[in-house]
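Trainee: Could you show me how to read a few features in a structure?
Mentor: Let us take the backbone angles, then the chain contacts.

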Amino acid sequence: MLITFGSIAVFFAVIVIILQLSGIRDRNFTEYAVGGRSFGPNYQAMSFLNTWYPGAMFTAFGGMAASAGVISFYVLSYSLLTVVLMYLMARPVWVWGKAFDLRTQPDLLALRFNSRHIKTIAAVIGIVSGIPWLVLGMQALGTLFQHMSLGALTLSQAVIVGVAVIAFRQIWTVRMGMRGVVISDFAQGVVAYIVGSAVLIGLIVWMIVSQGITFASLDERMFAIPSVGSKEGPLYMFSLILTGAIGGWCWPYIFVRLFTADGVRSLKQSAAIAVPLSLVFCVALLIFGMLASQVPGVSAQPNDVWFIVSLEAGGLWLLGLAGVIVLAASMGHTDGNIQATGAQIANDLIGNYWSLDQKQLIVIAKVGMLLLTLLSSWLACMELPALFQLAVRAYQGIIQLAVPQFLGIFWTRGNKYGAIGGMVAGFVTAVVLELASPGYLPWAYGLTSGAIGLVVNLAVYVGAAYLVPQSREERRRVEALFALVEERRAGAQSGGTVVQPA
Amino acid sequence: MGGCTMPEIRTRTRRAQPRWIAAWFIVDAVVALAPPLYWYFDGKADPILGVPAAVLYFIAVSTCIAASIVAAYFADAQSGELA
């Protein structure tokens, strides 16, 4: 235990030292919420990866690859497709963010649709949907610490230890805001996805060379993809990848990454840096999981595959490193979630109805983050058997933000009535269908409730765009927003003067 | 808010953006999402280049997506789009 817990302690101390040495002082709320829009491509890439891939990748998706096989690769497809979306919307989102000092996703929706209430609705959907994932992330640390204790701790004791560690870590998230999150994401990301990929590749080689495990050893069912005649339905995989790709940018803690960059170039370069890393990491993880299904003990506990194989292959030192890697990934996701939620509480809920100065916004964000940490820590220590289902259902709901978000960015038509009505209709449709048929809809050939909700949402948005025409003034305002993006692009291409917003 | 009209600005921008980037992004979406493609690879364990066909399908799709983003970045950087 000294080796495993010692490794965790050393890593934790290194992250804290990095944060302490960075000497962050937030001068205003934009500094606190989006790090003053000051980060270059390397920080952006690692920050995206560290928020996108939580520690549960090693347990939940590693376990899925070990138990269900190639179907788990859907996470790879949607994780890369979502970066294409990031690439496409990088310019308009960043330009509007910089020009109008936007700090959150609801800020952007409020600007585009000229509505204060859409800000509140989007913030509430984002915050409520994110809490189950925050709690799940904390509980997942229980598995980590149980393995680090070599079975000396029971799962409930290990959950308490995990929650205490991650809650303690939030001291620095609360104090340092987004700048602290991004700086620590860089160090954590290097450990989780670069060192993690190297360990995964090493373990794959160990299984092939030392254990004689190859793809040929695997059962045929490991290569099944839900198709025509399958239990899930022929469109199940399509639905998983589509909702995963467009849903990624609906999470407030992912979306805010678009505001932390120091320019469009950094955002696009960060995409080019992140995708090869993401590809190598995810392919290695999923192949590792599939092959590891043949390692004794894994089939009985597939979600523990990462720890079981690490201990088997490299003993306590490798188990300790495996724990550090999962903790690094978990910290990035949890910090990002808590920081973004705190900023939303101050900016989109309280600050939407009361006039607050910069200092008050920062104080409210810090208090919000503290309360959220305490609430999620308390929930994580409770037995909540339906939590995972709730989290999955939350995903079907939050992707309803996608229609006003993406159409709002790329289409000048569309108004607040369609945006709000579509989101609400899509959300209600998704919830009703999910309650009636959890997971997937057999009558819809395997589409998920969120996908059907998106169709309803889209119909309402487009219908309202044509049936409720924008006023002349509103049309001019929206066209001016789009013109600003094009002018900045034209200015960049010609190297000319950039026109400032009115 | 500016001296150019929307159509003028859009025309200038369109000329500067390589169309093949948009085409490649569309191909990404098609190969990742088109159901007939993944239906075809359902249960296919025969090795291609030493990797089962079903696994290779996902790796090939992902490599295509990753390559498109890297290529788009270099094309944009070269065209001055990111200046």
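Mentor: Start in the loop between α7 (117–148) and α8 (155–209) of chain A, where Leu150(A) lies. Helices (H or I, at least four residues) and strands (E, at least two) are DSSP runs, numbered from the N terminus. This is a predicted model: local features need pLDDT of at least 70, side-chain atom pairs count only at pLDDT 80 or more, and totals for chains, interfaces and linings use all residues. Residues are numbered from 1 along each chain as its sequence is written, while chains are lettered from A and ligands numbered from 1 in the order in which they are written.

Trainee: What is the phi of Leu150(A)?

Mentor: Most residues other than glycine have a negative phi. Leu150(A) is not a glycine, yet its phi is positive, about 55 degrees. Asp101(A), also not a glycine, has a positive phi of about 55 degrees. Asp101(A) sits in the loop between α5 (74–100) and α6 (105–113) of chain A.

Trainee: Why does Asp101(A) count as partly exposed?

Mentor: A residue is buried if 20 or more other C-beta atoms, placed from the backbone, lie within 10 Å of its own, exposed if 12 or fewer, and partly exposed in between. Asp101(A) is partly exposed because it has 15 C-beta neighbours inside 10 Å. Leu150(A), with 14 other C-beta atoms within 10 Å, is partly exposed.

Trainee: How many residues of chain B are in contact with chain A?

Mentor: Contact means that the C-beta atoms of two residues, placed from the backbone, lie within 7 Å. Here 42 residues of chain B contact 47 residues of chain A. On the chain B side, α4(B) gives the most, with 14 residues.
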